[in-house]
Amino acid sequence: MVNTDYEAVMGLEVHAELATKTKIFCSCSTKFGAEPNTQVCPICMAMPGTLPVLNEKVVEYAVKAGLATNCTISKDSKNDRKNYFYPDTPRAYQISQYDKPLCEHGYIEIEDDEGNPKKIGITRIHIEDDAGKLNHNEFGGGSLVDLNRAGVPLIEIVSEPDLRTAGEVDRYLKKLKSILEYIEVSDCKMQEGSFRADVNVSVRKKGETKFGTRTETKNMSSFRAITREIEYETNRQIEILENGGKVEQETLRWDEVSGKTFSMRNKEDAQDYRYFPEPDLVAIRLSDEYIENIRKNLPEMPESRKARYMSEFKLSEKDARLLTASKYLSNMFEDAEKICGNAKAVANWLLSDVSRILNEKEEEPDAIPFKAEHLAKLVELIDKGTISSAIGKKVVEELFENPKDPEEIIKEKGWLQISDEGAIKEVVDKIIANNPQSVADYKAGKDRALGFLVGQAMKETKGKANPQMLNKMFLEILSK
Amino acid sequence: MDITNLTVHELQEKLAKQELTSEEIVQAYVNRINAKEKDVKAFVTTLCDEALKEAKEIDEKRKNGEKLSSLAGIPIGIKDNMCTKGVKTTCSSRMLENFVAPYNATVVEKLNEENLIDLGKLNMDEFAMGASTEYSYFKKTCNPWNLKTVPGGSSGGSAAAVAANLVPWALGSDTGGSIRQPSSFCGVVGLKPTYGLVSRYGLVAFASSLDQIGPITKDVRDSAMLLNIIAGHDERDTTSYNMQKKDYTKTLNGNVKGLKIGIPKEYFGEGINEEVKAKLEEAIETYKKLGAEVEEFSLDIAQYALATYYIIACAEASSNLGRFDGIRYGYRTENYTNLKELYKNSRSEGFGPEVKRRIILGTYVLSSGYYDAYYKKAQQVRTLVKKEFDKAFEKYDVLLTPTSPTVAFEMGTRSENPLEMYLADICTVSVNIAGLPGISIPCGVNGDNMPIGMQLIGNKFEEEKILNAAYTFEQEYKFREKYQPEFKG
C-alpha cells in the first residue's frame with residue numbers, strides 16, 4: 001500500500017465446486033472437460049415441466065465443510081430461487097439459499113503478516129447450482145451455450161470483512177482450499193474454475209470504525225491475480241479518496257493483462273433477484289445424529305497433521321506447515337516416508353526441488369506427475385550411495401519430464417555413482433596435476449582449496465563420483 | 001348403444017366381456033370427434049390415426065392372451081400442459097406452438113403402463129391462466145351445453161371434451177380451480193387431489209406450490225379409477241407424498257349416514273347466483289335425507305383467499321415462466337440485434353396478454369421493497385387459511401360449497417375485465433391455498449339448462465371421503481340420466 005494512513009478491508013465470497021459424481025438436482029455427470037452439451041438432461045436444461053431433486057451428497061459435503069470451518073449447522077434449512085435472465089442459466093433462476101443457509105457463524109484460523117494467529121469469520125456457507133458456460137465465437141460465429149456445468153453443485157463460503165492485507169487474503173484462501181481438499185468435498189482445481197473467489201475491497205483511514213464503500217471483483221481464480229488485484233484496487237481507492245472523490249459501489253472485472261480492474265455494473269444497475277422460497281423442493285431438515293455422524297467421520301485436519309509431523313518425524317514447524325498445507329503433498333510425504341523410512345529426506349525433496357519446479361511451472365502439488373514410490377526410491381538410492389544428491393536433483397527434474405522408476409532413469413542416463421577406488425584415484429590424480437596452484441594453496445593451509453578441487457573432480461565426472469570417497473582420496477594424496 | 005356415452009367403468013366391463021374391442025371404442029370416438037369437434041373445438045392436437053393403430057395392436061395382444069390392464073385400449077384426453085414424448089405440448093401458447101418434449105410426464109407414463117390410448121391434447125387457457133379457455137392462443141373452446149358460452153378454464157378443453165363425449169375421460173390440472181370450475185360449467189366430475197398426491201413431474205409449471213393434476217370424468221367411479229392410476233409418490237417430484245397406495249373405488253359405498261358435512265356460510269353470500277344457491281340448497285336437503293349431519297359454520301378467512309391466491313400464484317408464475325426466453329426451445333423472435341432484444345421481443349411476441357399480466361404482477365410482488373407487503377403477507381395468510389381449514393376438519397368430514405358463483409357465462413363477456421374473470425375462482429382457490437382435495441359434481445341445471453356444480457372439500461389425503469359423498473349424491477340424483485348437453489347456439 002502506497003499510503004500508510006489507510007487500511008484495507010477485505011471480505012471474500014468463495015465458490016467451490018463440490019466433488020460429487022452427479023449434479024445437484026439431476027443425475028448427470030459433473031466430470032470436467034466433456035464435449036459441449038453431452039452431460040445434460042431435460043432437468044439441467046430446464047425443459048418445461050421438469051423438477052429438481054436435491055442430491056443428498058451435496059448436503060453432506062456442505063455440512064462437512066461447515067463443520068471443518070467451525071460453523072453452526074442449521075437443522076432447519078431450505079432452498080430459494082434467485083431470479084435473473086442469462087443464457088447460461090436455463091431456468092432463469094439459480095436455486096440457492098437466501099435466509100436459511102446450511103452453515104453459519106464459523107471461522108478459520110490463519111496468521112497475520114506478523115505471524116500471529118488470527119481468526120477470520122465465516123458468515124455462512126450455502127449450497128447452490130453452478131451456471132453453464134457461454135462460448136463466444138469458439139465454434140464459428142455468435143455465442144453458444146454449453147450446459148455441461150449447469151447444475152454442478154457449489155458451496156459459497158462467505159467470509160466476514162476480517163481480512164486486512166493481501167497476505168492475509170492469500171493465507172485465508174490457501175487455508176480454505178487446503179481444508180476443502182482435506183475433507184475431500186472439492187478438488188479445488190483453480191485452473192478448471194472449481195475454486196474461485198469474488199473479492200470485496202474497501203479502504204478506510206486507520207482508526208476509523210466504519211467501513212468504506214466496497215467494490216466487488218468477480219470470479220478470481222488465481223492466488224497471484226487476487227494479490228495483484230487487491231494491491232491495485234486498494235491503491236486506486238486510496239487515490240480517489242485522497243483526491244477528494246468518493247468510491248463508487250460497483251462490481252468489477254479484473255483484467256490480467258493490463259493489471260487493472262474495470263467496471264461491470266454500478267449500484268444503479270444492481271439486479272433485483274426477487275428471492276423467494278423454492279416451491280419445487282421440500283425444506284431441508286437435519287437430525288442431530290446426522291450432523292454428529294458427519295462430525296465423527298471428519299478426517300484428520302491440517303492442524304493436527306502438522307502437530308503429528310513435528311512430534312512423530314521431528315520436522316520443523318515450518319516444514320510441517322508447508323507439507324500439510326496441501327493434502328496432496330502431505331499424502332505423498334507420508335506414503336514415501338512409509339517406504340523409505342527417511343522422513344527428513346523426503347520432506348526436503350518435496351519442499352525444495354519439487355516445490356521449486358512446481359512454482360516454476362505455476363502448478364499445484366496435484367500436478368506432480370510421479371508417484372510416492374518414485375520419490376522413496378530416489379531417497380533410498382542416495383542413502384545407499386548408489387547416486388549422489390547432486391545426481392538426485394537431476395533425477396527429480398527427469399521425474400517431472402518422464403516419470404518412472406529412478407533406478408531405470410539412472411541406468412539409462414548412465415548416472416550411477418562412481419565408487420570404484422581405481423577410477424576415483426584416476427580422477428583425483430588428474431585434477432591435482434591440472435591445478436597446481438590450488439594444491440599449493442591447500443598445502444599452505446587454505447582449507448577452502450580442497451573444496452575447489454573436489455568440485456572440479458565432481459565436474460569432471462558429471463557429478464557421478466562418490467563425494468565421500470573423493471574427499472578421502474584427495475586428503476590421502478595431498479597429505480603425502 | 002352409443003359407445004361414447006358410456007362411462008369408462010362400463011367400457012371396462014364390455015371389454016372384459018368381449019362385447020367391445022378397443023378398436024370399436026376408439027373408432028366410435030374418432031367418429032364422434034369428426035362430427036362434433038368443429039363445434040366444440042376442444043383439441044389442440046388430435047391423434048386419431050395413431051390411436052386407431054394402437055387400438056388394433058392392443059386388441060391383437062388381448063386376442064393372443066397377453067396379460068393387459070383391464071383398461072388397456074381405452075382412450076383418454078390429456079390437457080396440453082402435460083409433457084408427452086414425441087407429441088406437441090403447447091400450453092395453448094404461441095411460445096410453445098411447436099414444442100415437442102423429449103420426455104413423458106410421470107402421469108403420462110402411468111397412463112402408458114395401463115395401455116390407455118392418448119386421443120389428443122386438449123385446449124386450455126394459455127399456461128393454465130384463466131377461467132374460460134378464451135386465453136388460448138389457438139382457439140376458443142365452446143361449452144357443449146351452449147356453444148355461445150365458455151367451458152370454463154383453464155382445463156376447458158378437457159371438461160368440454162368429456163361433456164361432449166369426445167373422450168371418455170381426461171386429465172386436467174388445477175391451480176386455483178382449473179379442474180373443478182370447468183367441470184362445473186360442463187356438467188362433469190372434476191377432482192383436484194390433495195397437493196402432493198399426484199406427481200407434477202412433466203406438468204408445465206404455472207404455480208408450483210398450488211398445481212395438481214386430476215381427473216375429469218363422466219361420473220365419480222371413473223374419477224376414483226383414474227385417481228387410482230395417477231396417484232402415488234414419484235422420486236422425481238420431492239413434493240409428492242410418500243404413502244400407502246389406496247384403491248379409491250373400494251370406498252364408494254353410497255352411504256353417507258352420520259357423515260358430518262360443514263357448510264361454510266361465506267360461500268353462500270353476496271355474488272352467488274340465486275339459481276346456483278337454490279340448487280345447492282336442494283343438494284344439502286338431499287344429503288340430510290340420506291342421513292348426513294349438516295351444519296352451517298363460518299370460515300371467515302375465506303374472504304382473503306382470492307387475494308392471497310393471486311399474489312402467490314403470480315409470484316411463482318413470474319419465476320416459472322422465466323425459462324421461456326427464446327434461447328433453447330420455444331418461440332424466438334426474428335427481430336433482435338442483441339441479447340436483451342432477443343429476450344424482450346421473444347417474450348413480448350410469444351406470450352398472450354393474461355400471461356404477461358400475471359408475470360408483471362408476480363414480478364412486482366417479489367420485488368425488493370414490496371416482498372414483505374405482498375408475498376410474505378400472502379404466505380402468512382396462507383398459513384391462517386390452512387389453520388382455519390384444519391379447525392373445520394376437526395368438526396366435519398366434508399365441506400360443501402358451490403364450485404362457481406355462476407353457471408357458464410357467454411364468451412367475450414369477461415375476457416376484457418380480468419378482475420371479473422378472477423372472481424370465477426372465488427369458491428375454489430382456498431382449496432389450493434390449503435392444499436386440500438376438492439371435487440366438483442353436477443347438482444342440477446338452471447332455467448337455461450346450464451349445469452350447476454357442487455364442490456365437496458376434504459381433509460388432506462382423504463379423497464375417499466369426498467369421493468364417496470359425491471358418489472352417494474350422484475347415485476341419488478342421477479344427473480346424467482336427466483340432463484345431456486344439447487350443443488345449442
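A nonpolar core, as I use it today, is a set of buried Ala, Val, Leu, Ile, Met, Phe, Trp, Tyr and Cys residues joined through C-beta atoms within 7 Å. Keep that in mind. And keep in mind that this is a predicted model.

So, the cores. The largest nonpolar core has 216 residues. Which residues have the most contacts inside it? They are A:Ala62, A:Ala65, B:Ile76, B:Ala170 and B:Ala470. Helix α9 of chain B, residues 305-320, gives the most to this core. Its share is nine residues.

Let me stop at B:Ala170. Leave aside its neighbours within four places in sequence. What is B:Ala170 then in contact with? The list has B:Ile76, B:Gly77, B:Ile78, B:Leu122, B:Ser158, B:Ala161, B:Val162 and B:Ile216. Note B:Ile76, which is also on the list of residues with the most contacts in the core.

There is a second, separate core. It has 33 residues, including A:Ile368, A:Val379, A:Val396 and A:Leu399.

Now the domains of chain A. Domain 1 is 6-292, domain 2 is 302-413 and domain 3 is 421-478. Taken over C-alpha atoms, the centres of domains 1 and 2 of chain A are 34 Å apart. Their contact takes five residues from domain 1 and four residues from domain 2. On the domain 1 side, that is two nonpolar, one polar and two charged residues.

Next, chain A against chain B. Here the contact takes 25 residues from chain A and 33 residues from chain B. What classes of residue does the chain A side have? It divides into 18 nonpolar, two polar and five charged.

Last, one helix: α3 of chain B, residues 48-63. It has 16 residues. From first C-alpha to last it reaches 22 Å, close to the 22 Å expected at 1.5 Å a residue.

Which residues of α3(B) are buried? B:Ala51, B:Glu54, B:Ala55 and B:Ile58. Why do they sit on the same side of α3(B)? Because they cover an arc of only 110 degrees around the axis. An α-helix has 3.6 residues a turn, so residues three or four places apart point the same way.

What covers those buried residues includes α2 (22-40), β2 (75-79) and β3 (117-122) of chain B. Turn to the face away from the buried side, and you find the exposed residues B:Asp49 and B:Lys63. After α3(B) comes B:Gly65, with a positive phi, near 80 degrees.

Note on methods:
Residues numbered from 1 in each chain as written. Chains lettered and ligands numbered in written order. Predicted model: local features only at pLDDT ≥ 70, side-chain atom pairs only at ≥ 80, totals over all residues. Domains from an automatic or database assignment. Contact = placed C-beta atoms within 7 Å. Nonpolar A, V, L, I, M, F, W, Y, C, P; charged D, E, K, R; others polar. Buried ≥ 20, exposed ≤ 12 C-beta atoms within 10 Å, placed from the backbone. Helix = DSSP H or I, 4+ residues; strand = E, 2+ residues; numbered from the N terminus. Expected span 1.5 Å × (residues − 1). Arc of directions from axis to C-beta.
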